[in-house]
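User: I have a model open and a few things to ask about it. Can we go through them one at a time?
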Amino acid sequence: MWSDNETDIDLLGFDFLVDELVVALTQPQLLPLTVGVLGGWGSGKSSLLKIVSAELAAIDGSEPGGYVVVSFSPWQYEGYEDIKTALMESVLTRLGEIVEVETPQAEEVGRLHRMVDRLRLPARRMGVAVRSVAPAGVGLAASLADPALGDMASTFTQHALAGAAPASSEATDEAGPPAGEADQLYVDVGTFRQRFSELLASLPQIRAVIVMIDDLDRCLPPTVVGTFEAIRLFLNVEKSAFVIAAHAEVVQAAIDMRYPGLGRPGTTGLGAEYLEKMLQVKVNIPALSAPEAETYMHLLLAQLHLDEQSFTQVKDAVAQRRRHSALAVALNAGLATQTLGQRMPEDLRSDMSWAAQTAPVLGSWLRGNPRQIKRFMNTLTLRLASAERRGTALSPKILAKLMVLEEQHLSDFQKLFDWQVQGSGALSRLAAAERHVQPSAPAPVGTAAQSTDRPPGAAQSAGARRGSSRQRAGSAPGTPSPDATGGELDEDVRAWADKPHIAAWLLLDPPLAEADLGPYFTFARARLTLAASTARLPAQVQELLTKLQSDVNAQRRAAARSVAGSVSEQDLPVLVEYLLQVVQTDPTGPAMDGALELAQAVPSVVPDLCEALRLIPLDTLRTKMTTIVRRLPGAEPSVAALLDSWQNSQHPISRLVGDLRQSGTGG
């Protein structure tokens, strides 16, 4: 198993990114500098920062000082103290460890610490005051976003404070700073910046102070903006650099929320422009290609099985191969044997065998994300070990294929499981689905599929296959249509198999129609919903429940209308409870549409649905939000309360909810 934490060992082949960052940060003519390390969650940003920090520390390592690296995570301070002063304290504390005691520089560090203590409470008041004055807030946002306007930041903010300051000297923190305190605050800000700059200039042994800021994309909007304000107003002086690792879209959304409506005409908000101006250099982390993902998987396995010396030897050999061909597989069982010879452990060879089988699946379906690949391998390894302990033999390749569907499309994985528990029809349905998507399957004689002008045996795209399957169907929804062998294809199976991602998944090796999938589902039970709670429901009601989760729109809508007249008062709560369990497990699947259609047909279901929606993270509802707001009856009190809570939340999706309600899309 592998830790999910960042590492200073480069398993991803990021040496070219390390070089790019180190070169930029060690150019004195570029300082002061703010660098953005941009990538999605799990792309390796934190590890890259750690590797770069080690590289910088190794420069002039024999001398005290050199490049002083300060690691800072604003997320760790969120909710406890003002983020600006927390960042300033972190930098000063690190400098205090570098300077010699009982020197003028050490005394100056102490004085700056005391100055930060004086700034702590006024800085919090400053933020409250600025937020209360919209016009001045616009100027502040613009000035902070543009490094060329650094001197204007104080002017705009001072105007904001002057306009927001209460007449009474007994004002509370929430009302803004007392009269006269604003002037003193900005004297202190300017003084701190000047003295901090002079302190760095007086330390010739220090080439630069480099602050590595991580986890910014985990923070709330005030913390995100506060971090940028601290950089621009207090610390951005000669001999300083800041490296900000973040998911760019998340940070942009946080800035948009902090300064709503301030973007230029035709833009979504201020966030993109703000970030563009704050970051002088951007380093974008690319997704791993399929060969890079395979190399990464094999390196993880080598790290697990080899001693430190042997692993270093393998890692160095991989680095050498990457220099010759960056996008080729740089490690597998054969290459590892070539490097280690007789020292190649048999357990490593065995694990690399299944990793080579599963790598194409992971490379294409996990979008080259290192964290997802590592977590996937952890789960797969754990399940294989658990199965072995139980005396159950699992194929790693089959397990990997099923886990990809489980991780990426849970509702479709649930469909497979439902077929499994329904009995003997499960394998025949899966076999029919696999035959349905085969690109070279011969068309049955006498069907419309013969009308295609595609050469015999030529491969079809998923879209072309879907088109020909609809031609073969030639019937109303809900009626069987022929499968690729001329047999009758169930409408529900056809709708499932015609999804582009399912068609692609079904074509992956190995085929599953002949496999016993029961043991594999055992290890995924925590994420699956078992219909045991519906055992007491009449067969007709269970059938309606299944159709409410169908991918076929007509089946779902007909089932929702039928519930009102055919399900008793005793059976309805059980049906709703089970359906909402599925919704909470997979909020973006067809069960969500079924629940919304049921709420429209049976109003008594609405409060239960709203309560279930409250428990679902807003991030996962983004793609369904327009449908939810449109279909929920806005006049219903439980709906209004739910929409109010979403609209008033500090989440990027709140603006979408407000726009939908204002436009009349929702109730």
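User: Is E597 buried or exposed?
Analyst: E597 is buried, at a relative accessible area of 6%. Buried means under 20% and exposed over 50%, with partly exposed in between (1.4 Å probe, protein chains only). This is a predicted model, where local features need pLDDT of at least 70, side-chain atom pairs count only at pLDDT 80 or more, and totals for chains, interfaces and linings use all residues. Residues are numbered from 1 along each chain as its sequence is written, and side-chain values use heavy atoms, with hydrogens and water left out.

User: Which helix is E597 in, and what does E597 touch?
Analyst: E597 sits in helix 27, residues 590-601. Helices (H or I, at least four residues) and strands (E, at least two) are DSSP runs numbered from the N terminus. Leaving out residues up to four places away in sequence, E597 touches R556, R557, A560 and R631; contact means heavy atoms within 4.5 Å.

User: Switching to helix 2. Which of its residues are buried?
Analyst: K45, S46, S47, L48, L49, I51, V52, S53 and L56.

User: What covers them?
Analyst: The cover includes helix 1 (15-25), strand 1 (33-38), strand 2 (66-72), strand 3 (206-213) and strand 4 (240-246).

User: How do the axes of helix 31 and helix 32 cross?
Analyst: The axes of helix 31 (637-647) and helix 32 (653-662) come within 8 Å and cross at roughly 135 degrees. Axes are lines fitted to C-alpha atoms, for helices over the stretch in contact, and angles run from 0 to 180 degrees between N-to-C directions.

User: Which residues make that contact?
Analyst: A640, L643, D644, W646 and Q647 of helix 31, with S654, V657, G658 and R661 of helix 32.
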